[in-house]
Amino acid sequence: SNVHDIFHISMLRRYIPDPSHVLDYDTVPVQDDLSCEELPVRILDRKTQTLRNRAISMVKVQWQFHKPDEATWEREEDIRNLHKKERRRQKRKYRNLESGREHECAC
């Protein structure tokens, strides 16, 4: 298209503070490598997508730190695998805390 994503500085205006412009935010836990692991919070919907000769189960997932309107459709199998992986990680973390080791295994 012929539209440029550039604008001139003269189009900017000074911001006038307004107490009603309060942003609601959540703190996001960041790991040492500055990444953040997003986990599924709940499944909002299910559907079956048919491709030629096979059916794929899909689930609409609401992710941690995201609003419900930002939910995404994911393969049910992928979400199940992610859930199993997270449960194993939590068990390892719990065992490490019980044994007196404070560092979490990055397996």
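Q: How many helices and strands are there in the protein, and what makes a stretch count as one?
A: There are one helix and three strands in the protein. Both are DSSP runs, numbered from the N terminus: a helix is H or I over at least four residues, a strand is E over at least two. Going from the N terminus, the order is β-β-β-α. Bear in mind that this is a predicted model, where local features need pLDDT of at least 70, side-chain atom pairs count only at pLDDT 80 or more, and totals for chains, interfaces and linings use all residues. Residues are numbered from 1 along each chain as its sequence is written, and side-chain values use heavy atoms, with hydrogens and water left out.

Q: What makes β2 and β3 a pair?
A: Two strands pair if DSSP finds at least two bridges between them. Strand β2 (residues 54-63) and β3 have four, in the antiparallel sense. Met58 stands opposite Arg75 in β3.

Q: Which order do the strands of the open sheet take, and why do β1 and β3 count as edges?
A: The order is β1-β2-β3, with antiparallel pairing. β1 (40-51) and β3 (72-75) each have a single partner strand, so one side of each has no neighbour in the sheet.

Q: Why is Glu76 called buried?
A: Buried means under 20% relative accessible area, exposed over 50%, and partly exposed in between (1.4 Å probe, protein chains only). Glu76 comes in at 16%, so it is buried. This residue lies in helix α1, whose buried residues are Glu76, Ile79, Glu86 and Asn96. Across the protein, 11% of the 107 residues count as buried.

Q: What does Glu76 touch?
A: Leaving aside residues up to four places away in sequence, Glu76 touches Arg46, Ser57, Met58 and Val59. Contact here means heavy atoms within 4.5 Å. The buried residues of α1 pack against β1, β2 and β3.

Q: How do you know that the span of α1 is close to the one expected?
A: The expected span is 1.5 Å times one less than the number of residues. For the 23 residues of α1 that is 33 Å, and the helix reaches 33 Å from its first C-alpha to its last.
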